[in-house]
Amino acid sequence: MAFDMKEYEIGKRPLWAILASLIIFLALVFFAVNCVAMGEGSRLLPIYSVETPEKKGAVTFNCAWEADDIPEILALLKKYEAKATFFILGQWAKENPDSVKMIFEAGHEIGTHSNTHPDMAKTTMEKTREELFRSCEYIEKACGEKPKLFRAPSGSYSSELIKTASEMGFITIQWDVDSRDWKNKTAAEMVESVTKNVRRGSIILFHSGKKNTLEALPQILEILKNGGYEFVKVSELIYTENYTIDHTGRQFLLK
């Protein structure tokens with residue numbers, strides 16, 4: 001007997017129509033998921049972390065307000081043989097050029113954190129360009145090198161912000177491990193928060209001028225160094241070509 005699809009109906013819809021609808025639905029889901037994972041479509045993501053087989057990560061500092069603890073931070077990083085990336089506000093660089101120069105000459109990396117610390121998820125394209133341009137002017141004047149990395153103030157970003165920054169030559173960086181020093185957590189709380197959440201390819205957030213960072217930082221670095229971690233500049237951790245980013249902002253190298 002020949003097979004007749006017309007004999008197989010669910011309600012009033014033939015089976016072939018139901019199967020076709022299901023295939024189309026699954027294809028649309030697959031397409032949508034992959035668009036997000038690849039950073040395509042309307043949603044662009046900064047880099048939060050990096051998938052890497054190596055046991056390494058990046059220590060980063062946002063410098064927006066105080067600068068008094070910079071010499072001590074640099075001394076701790078030197079002691080534990082860690083390189084870091086400092087995201088510096090343009091106005092901070094203007095007011096503390098010696099600190100910027102000190103960071104740069106110690107072999108660390110400098111990125112921009114905007115010029116005046118606005119909510120850049122809400123700024124116009126013109127304002128975004130002005131913030132990035134002015135911040136780089138002050139940073140370059142202090143250390144002689146223009147930043148290539150950018151971190152949005154308060155981590156607040158939009159697709160338009162990332163697109164504009166990229167057009168200006170910047171890679172936008174977030175973090176996947178927060179020390180929470182900005183919440184004035186105790187050193188013990190910061191140590192637990194960081195060491196529990198660090199994984200290969202993590203980007204860790206600290207700030208200059210926070211009262212418990214200097215107490216927590218050496219403990220964190222010692223625990224992680226003893227665990228086999230190496231700390232490198234963000235630019236040495238991330239991929240700049242032949243990569244994809246998943247929905248969490250984690251970078252993967254394409255094979």
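Tutor: Rings of Phe, Tyr and Trp count as a pair if their centres lie within 6.5 Å. In this predicted model, ring pairs link Phe61, Phe86 and Phe206 into a cluster.

Student: How many aromatic pairs are found in the whole structure?

Tutor: The search finds three aromatic pairs. One of the pairs in the structure joins tyrosine 229 and phenylalanine 231, whose centres are 6.4 Å apart and whose planes lie at 20 degrees to each other. This pair is stacked, because planes under 30 degrees apart are classed in that way.

Student: Are tyrosine 229 and phenylalanine 231 buried or exposed?

Tutor: Tyrosine 229 and phenylalanine 231 are both buried.

Student: What is the overall make-up of the protein chain?

Tutor: The protein chain contains nine helices and 13 strands. It has 255 residues, of which 46% count as buried. Among its contacts between residues at least 6 apart in sequence, 74% join residues at least 24 apart.

Student: How should I read the packing of two helices, for example H5 and H6?

Tutor: One considers the angle, the distance between the axes, the handedness and the residues that meet. Helix H5 spans residues 125-143, and helix H6 spans residues 159-167. Their axes are 10 Å apart and the packing angle is about 50 degrees. H5 and H6 are therefore oblique to each other, since an angle under 35 degrees would be needed for roughly parallel and one of 65 to 115 for roughly perpendicular. The crossing of H5 with H6 is right-handed.

Student: Which residues of H5 and H6 meet?

Tutor: From H5, the residues are Met125, Thr128, Arg129 and Leu132; from H6, they are Glu160, Leu161, Thr164, Ala165 and Glu167. This contact comprises four nonpolar, two polar and three charged residues.

Student: Why do residues three or four places apart in an α-helix point the same way?

Tutor: An α-helix has 3.6 residues a turn, so residues at that spacing point the same way. As a further case, consider helix H7, residues 187-197, where the buried residues are Ala187, Met190, Val191, Ser193 and Val194.

Student: What covers the buried residues of H7?

Tutor: The cover includes strand E9 (177-178), strand E10 (203-207) and helix H8 (213-226). H7 and H8 pack at about 35 degrees with their axes 9 Å apart, and their crossing is right-handed. On the H7 side, the contact is made by Ala187, Met190, Val191, Val194 and Thr195. H8 contributes Thr213, Glu215, Ala216, Gln219, Ile220, Ile223 and Leu224. By class, eight residues of the contact between H7 and H8 are nonpolar, three are polar and one is charged.

Student: What should I look for in the backbone angles?

Tutor: Most residues other than glycine have a negative phi. Serine 114 has a positive phi of about 90 degrees, although it is not a glycine. Asparagine 242, likewise not a glycine, has a positive phi of about 55 degrees.

Student: Where do serine 114 and asparagine 242 lie?

Tutor: Serine 114 is in the loop between strand E6 (109-112) and helix H5. Asparagine 242 is in the loop between helix H9 (234-237) and strand E12 (243-245).

Student: Is serine 114 buried or exposed, and what is the relative accessibility of asparagine 242?

Tutor: Serine 114 is buried, with a relative accessible area of 0%. Asparagine 242 has a relative accessibility of 48% and therefore counts as partly exposed, as exposed requires over 50%.

Notes. Residues are numbered from 1 along each chain as its sequence is written. This is a predicted model: local features need pLDDT of at least 70, side-chain atom pairs count only at pLDDT 80 or more; totals for chains, interfaces and linings use all residues. Side-chain values use heavy atoms; hydrogens and water are left out. Helices (H or I, at least four residues) and strands (E, at least two) are DSSP runs, numbered from the N terminus. Buried means under 20% relative accessible area, exposed over 50%, partly exposed in between (1.4 Å probe, protein chains only). Axes are lines fitted to C-alpha atoms, for helices over the stretch in contact, and angles run from 0 to 180 degrees between N-to-C directions. Angles under 35 degrees count as roughly parallel, over 145 as roughly antiparallel, 65 to 115 as roughly perpendicular and the rest as oblique. A crossing is left-handed if the near helix is turned anticlockwise from the far one by less than a right angle, and right-handed if clockwise. Contact means heavy atoms within 4.5 Å. Ala, Val, Leu, Ile, Met, Phe, Trp, Tyr, Cys and Pro count as nonpolar, Asp, Glu, Lys and Arg as charged, and the others, Gly among them, as polar. Rings of Phe, Tyr and Trp (its six-membered ring) pair if their centres lie within 6.5 Å; planes under 30 degrees apart count as stacked, over 60 as edge-to-face and the rest as tilted.
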